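Trainee: I have just opened this structure. Could you help me learn to read it?

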Amino acid sequence: MAIRTRLTELLGIQHPVVQGGMMWVGRAELAAAVSNAGGLGIITGLTPGSPDGLRREIDRCREMTDKPFGVNLTILPSVSPPPYAEYRKAIIDSGITIVETAGHKPQEHVEDFKAHGVTVLHKCTAVRHAVSAERMGADVISIDGFECAGHPGEDDIPGLVLIPAAVDRVTIPVIASGGIADGRGLAAALALGAEGVNMGTRFCATVEAPIHENIKQFIVDNDERDTNLIFRQFHNTGRVARNSVSNEVVARSLKLGAVFEDVRPLVSGAQGREALETGDLDKGLIWAGQVQGLIHDVPTCASLLGTMISDAEAIITRRLAGMLAQEASA
C-alpha cells in the first residue's frame, strides 16, 4: 500500500514527505538521503555561501541520487542582502525543477521560477499569506504552525487550526509543517486536509544529517518544553532550542528598552554554524521546534520514512477504520 496525494503526483515522489530547507543542515547528503528514501530532499540555497557554491552542491546531490530533489531560497530583509537574483539564476541554470521559497516579498523570484517551468512550494505562517502566494503563482503551500522551528510568524496559530484554515482558503495542495515527526503526524495532517508534510527538526536527528552527533543527541534528550521564543519584541519571532545562549537572548530582550543590538553578539549565523559542526551546545543558537518531544532516536532517513509511512497507513486503515466498525455494530 502507498499514500498517494496531489503532492506525490505533482512532484513525482513516492511518499508525501518533504524535508524543509535548513541553514547549515540542508546539504547534498541529507537531501539525497531523503529523496532516495522516497520523500523530497531540499538543499538550502544559501548554505554553500555563493551562487557557484550552490551549483557545486546541486551537482554533488545529483551524484548521490537520481530521484527528484529541490532547492530552498529564503528571502530575508537585510541591510546587506545576499545576491538573491544570482542564486535564483544558479538554481534555474542548474535545471532544478522544484524550489521551496520563503520569506520577505518573494514575488520577483516566484515569477521568474514559474517562467522557467519550476514548481514552487511557498512556505508561510498565515492563511492570508497562503492566499497571496497562490495568487502569485505558487503551486503548493507549506503552512508553518506555531510549533515549528525557525520563524513561526506573529499570529501564534498552531497547526491544528492553521492547517485546515489554509486548506479552506486555497485550491492548490497544502503541506503541513511544524510539530510533525512520525506517522501519527502524517495521518493527522492528511485528516486535516493537507496533501503531505514538511519536516525539519526530525530530519536533523537522522544518521545522514551533516551535523555533530552531540546536536542529534541533544534533540533526542530534549522534550516539547525545551524551546525558547526569541526576537518577539522585535516582531521577528524565532523558535530555537533552549540552551545557555537562547536563555541569555531572552533575558536581554526582556530588559526595559532592549534593542536588537543588545542580542546581536549572541545570534550570529556563524556561531550557530559552529555549534552544529563542533557539537558545542552553548556556542550559538540551535534552531529546533517543539517536536523535539516526539523524537526518541537517530534513524537513517530510509528507516524513518519507512516506519512513518507504515504507521500512518496502519492508523488510517486499521485504527480509524476500526472505530467506524465499532460504531456501526453498537
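**Reading the sheet and the surface**

Mentor: Strand β2 and strand β3 (residues 69-75) are paired in the parallel sense over four bridges. In β3, Asn-72 is the bridge partner of Thr-44. Two strands pair if DSSP finds at least two bridges between them; strands (E, at least two residues) and helices (H or I, at least four) are DSSP runs, numbered from the N terminus. This is a predicted model: local features need pLDDT of at least 70, side-chain atom pairs count only at pLDDT 80 or more, and totals for chains, interfaces and linings use all residues. Residues are numbered from 1 along each chain as its sequence is written, and side-chain values use heavy atoms, leaving out hydrogens and water.

Trainee: In what order do the eight strands of the open sheet stand?

Mentor: Strands of a sheet pair through backbone hydrogen bonds, either parallel or antiparallel. Here the order is β1-β8-β7-β6-β5-β4-β3-β2, with parallel pairing. β1 (17-19) and β2 (41-44) are at the edges with a single partner strand each, so one side of each has no neighbour in the sheet.

Trainee: Which strands does helix α2 (residues 28-36) lie across?

Mentor: Helix α2 lies across β1, β2 and β3, where contact means heavy atoms within 4.5 Å.

Trainee: Is Ile-157 buried, partly exposed or exposed?

Mentor: Buried means under 20% relative accessible area, exposed over 50%, and partly exposed in between (1.4 Å probe, protein chains only). Ile-157 counts as partly exposed because its relative accessibility is 33%. Ile-157 sits in the loop between β6 (140-144) and α7 (159-169).

Terms used: Axes are lines fitted to C-alpha atoms, for helices over the stretch in contact, and angles run from 0 to 180 degrees between N-to-C directions.
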